[in-house]
Amino acid sequence: MLARVPLLRLVRSRALWVIVTGWTILVLGAAVLHKRHGVPHGTDDALDLYASFALPWLVFSVVGFALADQSLGKSGEALVVLGASPARVALATVLVTMGAGAVVGAVLGGATVLLAHGPGDPPLLVDTLQTLAFGGVAGASYAALMLVGASFVGGPWGRGLFALADWAMGSDYGFGACLTPRAHLRNLLGGEAPFDLLPWESLGLLVVLGVAFAVLAVQKAARTRV
Amino acid sequence: MIELKEVTARSRHSPKVELGPVSFTLETPASYALVGASEDGVGLLLGLLAGSESARKGTLTIGGAAPTRRKGVAHVPYVPVLPGELRVADYLSLAAKVRGEPEADPRERLAALGIAPLAARRIRDLALEEARAVALTEALTSQATYLFLAEPLVDLDPRATGRVAEALDARTSAGAFVVFATTSPEDARTLGREQVHFHAGKLVFRTTRDEAWTPPLGPVDGRARLLIRSEGARFLLAELASDPTFDEVHGQGAELKVTGKDPIAMARAVAIASRRANAEIDLLTFETVPPVEPAS
């Protein structure tokens with residue numbers, strides 16, 4: 001019931017569908033081109049485009065549309081004034097947004113591997129399913145991270161600042177990178193590991209970060225006076 | 001029961017608007033009008049009652065508890081907050097579910113204010129006055145015990161005035177407290193069983209509909225005050241500021257407040273200024289100037 005408003009914001013937004021379609025065409029187009037021209041490590045290049053640019057920007061847009069470009073607390077005001085608990089409204093919004101982030105991350109990641117898959121890559125089915133799962137977890141984690149930013153400030157600023165922090169810290173390989181979805185997703189997709197973590201450790205931390213960010217976002221939004 | 005004891009507050013949205021200290025009690029379920037302009041603090045008081053604003057000092061209780069957003073409370077601010085993604089009928093169904101009330105036919109609920117044709121419209125496509133009518137319908141046809149409404153008759157189809165009055169009577173007969181803020185003494189008389197008048201953040205007097213009190217049209221305490229609402233308020237302000245008919249001219253947004261000694265001359269001067277400034281006047285009403293010294 002409380003999830004209906006953010007869900008409809010996502011489903012009924014033509015602008016969001018245009019953005020999703022645009023990024024999908026770009027990433028999948030790159031995957032197809034790499035495969036057609038037999039580029040060495042073509043899958044890695046296509047996944048790099050997906051993980052470094054497409055997924056964060058897509059989730060950035062998803063969060064913005066789910067909140068109608070407001071802060072997390074303010075986005076649920078229409079239900080809170082009717083007497084719904086601010087925490088429950090925020091939780092419903094967070095779950096919907098993380099779910100949408102997961103779907104976007106999983107589908108685009110899986111499709112990228114499917115189209116770019118080359119002879120030197122792991123078996124197609126395993127590779128696709130793994131990327132689907134990793135992309136899903138990373139998409140949800142990214143959404144939770146940006147929701148923390150959006151719980152402080154509405155518009156693009158709150159979530160943008162946290163996306164910028166993810167880029168600045170996650171591009172490194174030190175301890176700070178362990179706090180970002182970017183570094184863990186890179187590790188899971190075969191890139192350099194942050195803080196020498198094993199892939200399964202990165203997967204676990206990605207889940208933990210997603211849950212922790214979600215809890216923080218809900219707590220902050222529940223205290224916001226609307 | 002609604003009880004305020006020495007409450008002071010400052011608006012979150014308009015820090016210049018202050019209230020209090022104010023103390024009064026609304027003991028029985030009825031329709032109460034908070035009469036005054038926004039800078040007199042009535043909108044702020046409505047926000048305090050609905051839990052969207054916080055008191056700086058004093059205590060405020062609604063049914064013995066501190067005011068918060070809760071299921072038994074319906075708050076309709078001047079610009080209502082509605083989920084634009086939903087259709088009107090879906091919103092009313094969702095609102096009933098959130099409030100934990102049995103779901104009634106949305107078209108029947110909307111018919112209470114004569115706006116059933118809006119049922120299939122998406123909220124984001126509604127004009128402000130339509131959105132206000134939808135929010136008002138939701139509140140009036142809910143089972144909330146406390147209804148806090150801002151200007152319930154403004155921008156409403158004039159034919160709906162009687163329906164609003166009927167709906168308010170039905171709600172108060174069922175044991176609800178209806179508190180509404182208005183700048184219009186006429187609206188206060190039409191809908192309010194009791195009127196609580198505010199000036200500059202202070203409660204100045206209370207009166208009941210049964211006392212057949214009518215607001216003075218002539219100067220009281222030597223002066224009359226005229227409230228003007230116009231989209232061209234700033235052009236009117238320029239015209240009126242140089243007119244010696246007026247002692248004081250204040251403007252805020254689309255509202256002007258002018259004071260003077262001769263109400264007839266004031267009305268004539270406003271009519272002339274309106275023509276000169278080519279500014280259409282949406283509301284022109286003499287406000288009640290406190291006949292007694294302000295009391296807390």
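Modeller: A salt bridge is a side-chain nitrogen of Lys or Arg within 4 Å of a carboxyl oxygen of Asp or Glu. By that rule, B:Lys257 forms a salt bridge with B:Glu39, with the closest N and O atoms 3.7 Å apart. This is a predicted model, in which local features need pLDDT of at least 70 and side-chain atom pairs count only at pLDDT 80 or more, while totals for chains, interfaces and linings use all residues. Residues are numbered from 1 along each chain as its sequence is written, chains are lettered from A in the order in which they are written, and side-chain values use heavy atoms, without hydrogens and water.

Colleague: Which domains does chain B have?
Modeller: Chain B is divided into domain 1 (2–208) and domain 2 (223–289), with bounds from an automatic or database domain assignment. Across their interface the rule finds two salt bridges.

Colleague: How much area do the two domains bury between them?
Modeller: Domain 1 and domain 2 of chain B bury about 840 Å²; buried area is the accessible area (1.4 Å probe) that two parts lose on being put together, summed over both. B:Glu39, B:Thr183 and B:Pro185 supply 45% of the area that domain 1 buries against domain 2.

Colleague: Now the two chains: how many residues are in contact?
Modeller: 17 residues of chain A are in contact with 23 residues of chain B, where contact means heavy atoms within 4.5 Å.

Colleague: Which side chains meet in a salt bridge there?
Modeller: A:Arg9 and B:Glu85 do, at 3.2 Å from N to O.
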